[in-house]
Amino acid sequence: MVGKPLPEVWMRGPVPGIPALLQPVAHSLLQCQEELHAHLAALQPAALWARPGGAAAVGFHVRHAAGSLDRLFTYARGEALSPAQYAALKVEGDPDLSVEAAATLLSGLDAAIEAALAQLRRTGEETLLEPRGVGRARLPSTVLGLLFHAAEHTQRHAGQAVTTARIIAAGEAGR
């Protein structure tokens, strides 16, 4: 017997250890993680890097979601990006056609989300309105602004990845 599907993450209650005001960020990230795992695990490497209609590849969206999450949370800590973060940014769109490509992408996403959740657990609510600079230009934001945008940005790319994966799967089913 197949079990009843779980409700979306935000309807399952608080994520342990996450401050109350940051629960929506944690819920959003965990929902993205579940949806990407559900739609990507079975994709073949060529499908992960296909660009139907010129759209960005599923693999790019997943890699970019993980990378941007790391970068935005770095800014939320008040830190500058490292040379390794800049190098990773430059190769987000480079295809990985290895047999383990889906597992590698999902593992990178999982690591970024786990690091983000750990940082959320350490973030005091009293710090949420502290100013933070974004990028080399140090554009103005706050800790909360960065954390919220990180969740929203991850969700946007997860949605694009899922939609593109569905388009690719439908195309393969029609052959």
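Rings of Phe, Tyr and Trp (its six-membered ring) form an aromatic pair if their centres lie within 6.5 Å, and the pair is stacked with planes under 30 degrees apart, edge-to-face over 60 and tilted for the rest. The model shown is predicted, so local features need pLDDT of at least 70 and side-chain atom pairs count only at pLDDT 80 or more, while totals for chains, interfaces and linings use all residues. Residues are numbered from 1 along each chain as its sequence is written, and side-chain values use heavy atoms, with hydrogens and water left out.

**View 1. Aromatic rings and the face of Tyr 86.** A search of the whole structure for aromatic pairs finds zero. Tyr 86 has Arg 136 over its face, at 4.3 Å from the ring centre. A charge counts as over a ring if NZ of Lys or CZ of Arg is within 6 Å of the ring centre and within 35 degrees of the ring normal.

**View 2. The largest pocket.** On a 1 Å grid over the protein atoms alone, a pocket is an open set of points where a 1.4 Å probe fits, with protein on both sides within 12 Å along at least five of seven lines; lining residues have an atom within 4 Å of a point. The volume of the largest pocket is about 150 Å³, taken as the space filled by probe spheres set on the points, which are joined across faces, edges and corners. Two or more lining residues come from each of α1 (23-40) and α6 (143-173), and α1 gives the most, with six. Among the lining residues are Trp 10, His 27, Cys 32 and Gln 155. Helices (H or I, at least four residues) and strands (E, at least two) are DSSP runs, numbered from the N terminus.

**View 3. The hairpin of β1 and β2.** Strands β1 (residues 131-134) and β2 (residues 139-142) run antiparallel and are joined by four bridges; strands pair if DSSP finds at least two bridges between them. Pro 140 in β2 is the bridge partner of Gly 133. Four residues lie between the strands, and Gly 135 takes a positive phi near 75°. Arg 138, in the loop between β1 and β2, has a positive phi of about 55° although it is not a glycine. Most residues other than glycine have a negative phi.

**View 4. Ala 112 in helix α5.** Helix α5 spans residues 101-122 and contains Ala 112. Ala 112 is buried, with a relative accessible area of 13% (buried is under 20%, exposed over 50%, partly exposed in between, with a 1.4 Å probe and protein chains only). The C-alpha atoms of Ala 112 and Ser 68 are separated by 9.2 Å, and the two residues are 44 apart along the chain.
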